[in-house]
Every structure is written in structure tokens, then in C-alpha cells.
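Have it open while you read.

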Amino acid sequence: MVKHQPLQVYEKQVFVSFVTGIYGCRWKRYQRSQDDSSRWECTWFFLLCSSFFLLLFWTYFWLVAQNDFNEFNWSVYNLSGEWRDETIPILASTTVGFSYITFLMILALFHISLGQQLNLYWVHKIGVLATLLTTISGVVSVDDIWGDEWDILFISLQATAPFLHLGALATVTAVSWLIAGYVIRRERTTFQVIVLLIYIIILLALYLAPLMFTCPCIMDRHGLRPRPDIIGRRGAPMLAPENTMVSFNRALQHGASSLQADVTISVDGVPFLMRDHTLRRTTDVRKIFPSRQFEDSSFFNWTEIRSLNAGQWFLENDPYWTADTLTARDRSRIANQTVCSLVEMLRLAARANSSALLSIRKPPPEHPRYRNWFMDTLWAVQKAGISSKRVRTVTWTPDTDRGRVRGLQQTAHEKLSMEEIKQRGITSLTLHYSKASHKDIQEYLANNVSVTVYPVNVPWLYSILWCSGVPSVSSDAPQVLRKVPYPIWLMSQNAYNFIWMSSDLVSLAVVVGIFSFQNYHTIRWRMSGMQNCNPEQIMLSAVTRTSSRDVNIMKEKLIFSELNNGLSSTEELSLFPENGYVRYSHGGHNR
């Protein structure tokens, strides 16, 4: 007689159920499988990995591009004609997409480590595909609208490369557990050898990667130059409307040593401050002169320009999310701002004993002041009473106009060779940070050419330029740079070499230890399996490569074959969960 006992006793596997349930909606034990994943599911895993790495790149790009968010919004405005903070939806969607794909990636790695079959749920497949296509379209759009911004990725590596290297090294070292399990615990195949070789190549590349780093802040602290001066670019446009008196006052209050402004010449010869070609974005020209809102600002006379409000837009649009921090008094002052003239700004600079950097836009050929624009600017400088030695001008074009301007320091906003600088009589350069390499800066400084780099709005960029020896930077955020009294990190070459070598040796030791551990336990498991095998176990082990359904059928056949052989009442049949093997006992003795 057969005693009725449970054929299978299952232990609760809460973690495995959670992993397989979230990833593939397989919450029950019978829904799971430890068979090899199909090619179709491996393809989806490849798409998941591609989405993860693309989103990782995309997220890093927007983190370092924070320095130029204002430039991005301005570029979009020039295309659409409407001012909006386009970075908010991009950052929100990137955060959600990256979090979602990272979570799925972690679940997939847990599947591999637990030996579970990959089976991505169809809802997640739609989500992965939608995220991948959205990210690709975002990359293409940014390349079309803001293609020059990709340079910041390489520049940011000057500040982040040592830390990214340590993070990547830790990640690849941890992945060695999965690689070792995949290569050692299975039968040898050509694909396994390829996977192992790729892993070794990546690991060696990471070990040697610091040889390619160029980090200005890896230097002797005794060689650090004085803190770069901060120039208020259009004042402090994050705290007050750009190119207004309130904005310039705010910049001086937050430690700016100089002021930079964009100069346009009115139709009656008055230099005033305006960045855009039209007055639509920063004034209420739509309300006062609706029929002329798309007209070039230089074709307005000074009386018309002065009648426009230049502050209300800042309170209504809140372009930098700072309007809520303003006091009632500040809001009242900003709401009554008008377009600032060049004379007013220069007088403020003279009273503060600071200098001025002027970016002058030459009027179009049909403008009445086309041939006299430089004389109008000189007249404003003389009327303001500021020393001409404290005024620098840029974008004087063509170069023949430079000879007519005497007494003012002349600078160029393009990268030039030393021969060209001497020929043009230029004493300083105002360069975009993407054009100012560490090597070029050192060459200019060695030849007594002053360098101003723009725009610099975040501490990490300010720090690497400080370590490079830049004398001054032009910033939209002087209030942020004011809080950087020292480079955010500074390390000697010997100290970094020690960290580099130590991390490589620790990583190598961990990887070797993991492979040795996996290999030892695999050999031990195989030997113990051979010692404890009975004929039934050998038969079941021979079909380990078959599907779980076939194994279960063979187990059932084995059970019923024993029953048909005639078990006595004292014989006890049970199926133990250990190792998935069937055993029965007769008279207390196991077979």
C-alpha cells in the first residue's frame, strides 16, 4: 500500500517571484523556467541594454549641459519665436525613462544571476521600444538645433574622467560574477569564449584608460593661479532681466569685477543694450507697437525704445525659476525697468570702479548709422566718463574699423594664432569654452595675451578653467560662482597615480577571486553529484538540456514504473525537492 505524501514540497521563493513577476509577469512557480532564453528574448535583452546605455549617455549630456540651458532656450526661441523653458519637459522625461530602463536592467541581471529564463512582458517591450525611439529622436533633434553642444561632453571629462573611471571599474568588476557564472558553470561554446574575450578587453581598457586623461586639476596645488575674475554677462540674468540696470547692480553685488553687455545702435545713433535682433522677447513691443514687433530693434529710435517696458516679461515668464524668491520691493523695481542705454551701464561701471566688455552688433547696410556706428559707441564711452582703458570691445567688423578705434582695448571672439594676434593688434581674446583648450590657454598666457572664457555658469567648469590658469570668465550666474572659493577638486599627480594603481589592483584581485570561487564550487558540485547519483538520478541528469516539461514527464514515468513493479505496504514513495531528484524508501532504506 502506498502512503499518501506530497510528491513535491516547495519552499517559498519571494524574491524570485518578485523578480520574474515584475519583469515577465510570471508570478507562479510553474510559469518560470531555467531553460536557456530564446533568441527572440535575447534580442529584447539586447534592445534593453542599448536603451540603457543610450539613456545613460543622454542623461550625462543633460547633466553637464546645464551650463548652457539658457543658450538652448534661446536657440529654440530663435526657431519658434516663443520663449519657453524647453529643458523642463526634457529633464522630466529623461528622468522617468532612465529610471524605468535602469529598473528593468537590474531585473534582467537578476534573472541571469538566478539562472531564470528571460521573458520580458509585452507591456515592458512596448515601453522599451518607445523609450529607445524617443531617445533617438531627441538625440537627432539636439544635433540639428544645438549641434555645437556635443563638445561639452569631451570638456566635461576633464573634470569627471577620474570619477567616471572608478565608477566604470567598480561596475565591470561586479559584472565579473555574471560572466564567471556564464562561462564556468556551462559547457564550453565558441560564444562563451567570445564573451570572455570581450570582457577581458574591456577590463584591460579600463585599467589603462587614465593614460588618456587630460585633467587640469591634477596638478601641484602650489602651481594654482589666482582665482579667475567673474564678468557679469548681461548682468545677473538669473536674478533680474538681462541687460537692465537692476541686473548689472545685482552682478556687482555678487562679486562681479566687470560687466558685459550686448550693444545695438538705434536709428538715431543711440547705443542701447539688447541681445536679440527684435524686441519681442524682452519688452512689451507687442502691446505698444504690435505692427512692428518683428522689426529689427536697430530701426527703432531711442524715444520709442525708451517707452517700452523691459522687466515685466521676466516676472511673467520666470525663465530661471527665480521670480518666487524676489521680495515685493525687487518685484516692483523689476516691473518698472526700461531698456538700458550704453551710457547708463558705463556710468554704473565707472562708479563701481569696474571694467566693461562690449559685444557690439554692427547695423545692417540699410541702416542710417551704418558708417558711423563706431563713432556713436565712442561718443557713449566719452559721455559716460569711464576710462577708456577699462573698456574692451569685441566683434568690431570688418578689421579695417579697428584702426579707427583708438584708446580702447580690442579683443577678438575667435581662436587666433599668435601671428594673427600680433598683426591685428589684439591684446585679449574672448573665447567660447569649447574653443579654449588647456594647451591653447597656456600658450596665450605665455605670450601675455589675456583670455576670457564664456559662458561659465557651473562650478565644475569654473574649476577646470581656474586650474588651467584662465584670468577671467564671463558668467550668467555670478551668484553661483561666488560660492566657489576653491576648485571643487584638486589632486597631485602622485596622489592620483596611487589611486589609479590601487583601484586597478583591487579590481584585478576581485575578478580573479570571483572566477576562482566560481570554478571551485562548480568542480565541487560536479564531484558531489557523481558520488550521490543513483540510476534514477543519472537518467534524469542526462536530460538536463531538455525542457522542464520533458523532465517532469520522465519523473512521472519513473514513479509509475516503480508502482507497477509492486511496492509493498511498507514501501514509501516520496519526491524530494533537493536537486530535483526522485527517491523512494523501502523499509527505511533509501534507494
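**Notes on the aromatic rings**

1. This is a predicted model, and 23 aromatic pairs turn up in it. Take F272 and W302: the ring centres are 6.4 Å apart and the planes meet at 35°, so this pair counts as tilted. The pair ties together distant parts of the chain, with F272 in strand β3 (residues 271–273) and W302 in helix α10 (residues 302–306), 30 residues apart.

2. W313 and F314 make an edge-to-face pair, with 6.0 Å from centre to centre and 90° between the planes. W313 is buried at 9% relative accessibility, and F314 is buried at 0%.

3. Which charged residue lies over the face of W313? That one is R281, 5.7 Å from the ring centre. There is also R292, whose charged end sits over the ring of F300, 4.0 Å from its centre.

4. Have a look at the aromatic cluster too: F57, W58, F61, W62, F69, F72, W146 and W150 form one.

5. Now for the whole protein. It has 21 helices and 12 strands, and 49% of its 591 residues count as buried. Among contacts with a separation of 6 or more, 67% come from residues 24 or more positions apart. The accessible surface is about 30700 Å², with 60% of it belonging to carbon and sulfur atoms.

Technical notes:
Residues are numbered from 1 along each chain as its sequence is written. This is a predicted model: local features need pLDDT of at least 70, side-chain atom pairs count only at pLDDT 80 or more; totals for chains, interfaces and linings use all residues. Side-chain values use heavy atoms; hydrogens and water are left out. Helices (H or I, at least four residues) and strands (E, at least two) are DSSP runs, numbered from the N terminus. Buried means under 20% relative accessible area, exposed over 50%, partly exposed in between (1.4 Å probe, protein chains only). Contact means heavy atoms within 4.5 Å. Accessible areas come from the Shrake-Rupley method with a 1.4 Å probe; for residues, only the protein chains shown count as cover. Rings of Phe, Tyr and Trp (its six-membered ring) pair if their centres lie within 6.5 Å; planes under 30 degrees apart count as stacked, over 60 as edge-to-face and the rest as tilted. A charge sits over a ring if NZ of Lys or CZ of Arg is within 6 Å of the ring centre and within 35 degrees of the ring normal.
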